[in-house]
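Try each task before you read its solution.

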Amino acid sequence: MEYRKMDKLGISTSLLGFGCMRFPTLENGKIDEVEAEKMIDKAISEGVNYIDTAYPYHNGESEPFVGRVLKKYDRKSFYLATKLPLWKVNSLEDAKKTFEEQRERLQVDHVDFYLLHALNKAHWKKSVDLGIVSYCEELQRQGKIKYFGFSFHDSYPVFEEILTYRNWDFCQIQYNYMDTQIQAGDKGYILAEKLGIPIVVMEPIKGGSLASLPEDVEKIFREKRKEDSIASWALRWVGTHSNVKVILSGMSTYEQVLNNLETFKNFQILDEEEQKLVEKVAATIRSRVKNGCTACQYCMPCPFGVDIPRSFAIWNEEAMYGNKEAAKWRYFQQTDESKRADKCQKCGACEQKCPQGIHIRDDLEQLEREIHSW
């Protein structure tokens, strides 16, 4: 197993971290505990020592399950990470109650890595205004948490504001070869490295999108390393960045555990030629987009309620990654019916405001035709 030293903290973590948000589930939606425990046991037996969960994962079932599984292991043999759900917290007392509930769920006297969960501008302001940051610092002094950090989902300026606010022990960002210019991105990575703050990476495979690509795109990787999984390229790209100390993988099958272990047991950073191949793949994927919507929102609000940026995001994601089922799920299950493309009345108000000059009406009509044919 590949390990990385967090010089700032004086510890070494497995580069592969087990993310506990996508366990296999039973027909009733509950965690398949037998299979999930088998997966965790295998990962730990092969050297994984970083286990990451959070309060809301699996509708609140992840923390208690993880706590039960880890109870059989020496507490000093692993690092346990969990997160404070700021959207649930509306007072300092809420934060205190939630933390104690988490310790009880996990059956531990301390949490190794404790994060403010999914910080954005509003959640960050709440954390400071309610005294939650100061409370977590006090928990650290008491030994109830060892290392204090945050996970992040917002724009780079917000990331910079948060990262420079105090001397963080670590931070967690979304980072993969397709997401270098969104959220914290490359600039966030560089800033954290400059400040000596270790990085934990989430979504290295972009929610599974980089594990299976359109055939013509996969061919670029296959011609170089025929036996390697497509996912391994995404993981190796992230791990080539030396200040990335943990790469979280939300494994949902035993086979994914085995595949990831194979990548990290004999971990190889990308050489120069391979880095160029990844750049070529990223460029090829981006070239497949249907239109140039940047989600700037200038077209909004639509007089008839259509969520134009979301519609085009779903359409473009499918074109790039070829996952029709995921696109249909996002469109028909996760998008309110009143906001779908078929509600367009072709008034043209959006096109007058679009700085990209997109033929929005025609594209919405084409999106509708295509998505119903998949």
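This is a predicted model: local features need pLDDT of at least 70, side-chain atom pairs count only at pLDDT 80 or more; totals for chains, interfaces and linings use all residues.

Residues are numbered from 1 along each chain as its sequence is written, and side-chain values use heavy atoms, with hydrogens and water left out.

**Exercise 1.** Find how the axes of helix 1 and helix 10 cross.

Step 1. Helix 1 spans residues 33–45 and helix 10 spans residues 254–265. Their axes come within 9 Å and cross at roughly 10 degrees.

Step 2. Helix 1 is therefore roughly parallel to helix 10 (angles under 35 degrees).

Step 3. List the contacts (heavy atoms within 4.5 Å). Glu35, Lys38, Met39, Lys42 and Ala43 of helix 1 meet Tyr254, Val257, Leu258 and Leu261 of helix 10.

**Exercise 2.** Determine which residues of helix 8 are buried.

Step 1. Buried means under 20% relative accessible area, exposed over 50% (1.4 Å probe, protein chains only). In helix 8 (residues 215–222), Val217, Glu218, Ile220 and Phe221 are buried.

Step 2. These residues cover an arc of only 145 degrees around the axis, which puts them on the same side of helix 8.

Step 3. Glu215 and Lys219 are exposed on the other side.

Step 4. The cover over the buried residues includes helix 9 (230–239) and helix 11 (272–287).

**Exercise 3.** State the angle at which helix 9 and helix 10 pack.

Step 1. The angle is about 45 degrees, and the axes are 10 Å apart.

Step 2. Ser232, Leu235 and Arg236 of helix 9 make the contact with Asn260, Thr263 and Phe264 of helix 10.

Methods. Axes are lines fitted to C-alpha atoms, for helices over the stretch in contact, and angles run from 0 to 180 degrees between N-to-C directions. Helices (H or I, at least four residues) and strands (E, at least two) are DSSP runs, numbered from the N terminus. Angles under 35 degrees count as roughly parallel, over 145 as roughly antiparallel, 65 to 115 as roughly perpendicular and the rest as oblique. The arc is that of the directions from the helix axis to the C-beta atoms.
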